[in-house]
Amino acid sequence: MTDWQDPEAVRFMLADCKTWAVVGLSGDPTRTAYGIAQLLQERGKRIVPVHPSAPTVLGEQGYASLADIPFPVDVVDVFRRSEAAGEFADQAVAIGAKGVWLQLGVIDEDAFERTTAAGVPMVMDTCPAIEWRRR
């Protein structure tokens, strides 16, 4: 167990947060982001695709950036490599997200420090599918 997999932060995001912006989500059903977005929907979450081409995915309008989303976002779920993930954590704080989730294998300790110092819980190096199975 690491600080960045705090059980309360995981519980808060999975149980209390409804709108999840999924950074890196495209319409490709073979990609992990697609499968996880589909799982989030099955669990009653609203997904918001965030991708430069802003595709509609799983019936939800996409946006080119987090700043383009015209409504509140609860969690920013990042499907990007570790070296690119920190900028999305910073953007999540800037848009007032309630949480940031970096997927399995994605770790940015500096972004974790910045995000949690701003009062926003952050989870790294795990997946909602894994965490739901643990419950």
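Me: In this predicted model, how many bridges join β1 to β2?

Reply: Five bridges join β1 to β2, and the two strands run parallel. Along this pair, Thr19 stands opposite Arg46 in β2.

Me: What makes β2 and β5 edge strands?

Reply: The open sheet has five strands in the order β2-β1-β3-β4-β5, with parallel pairing, and β2 and β5 (122-123) are called its edges because each pairs on one side only.

Me: Which strands does helix α1 touch where it packs on the sheet?

Reply: Helix α1, residues 7-16, touches β1, β3, β4 (99-102) and β5, and its direction makes about 105 degrees with that of β4. Helix α3, residues 82-95, also packs on the sheet, touching β1, β3, β4 and β5, and its direction makes about 170 degrees with that of β3.

Me: Why is Gln103 called buried?

Reply: Its relative accessible area is 4%, and buried means under 20%, so Gln103 is buried. Gln103 lies in the loop between β4 and α4 (109-117), and its contacts include Ile36, Asp77, Phe79 and Cys127.

Me: Which residues of helix α2 are buried, and what covers them?

Reply: In helix α2, residues 32-42, the buried residues are Ala33, Tyr34, Ile36, Ala37, Leu39 and Leu40, and what covers them includes β1 (19-23), β2 (46-50), β3 (75-78) and α5 (128-134). Just after α2, Gly44 takes a positive phi of about 90 degrees.

Technical notes: Residues are numbered from 1 along each chain as its sequence is written. This is a predicted model: local features need pLDDT of at least 70, side-chain atom pairs count only at pLDDT 80 or more; totals for chains, interfaces and linings use all residues. Side-chain values use heavy atoms; hydrogens and water are left out. Buried means under 20% relative accessible area, exposed over 50%, partly exposed in between (1.4 Å probe, protein chains only). Helices (H or I, at least four residues) and strands (E, at least two) are DSSP runs, numbered from the N terminus. Contact means heavy atoms within 4.5 Å. Axes are lines fitted to C-alpha atoms, for helices over the stretch in contact, and angles run from 0 to 180 degrees between N-to-C directions. Lists of a residue's contacts leave out its neighbours within four places in sequence.
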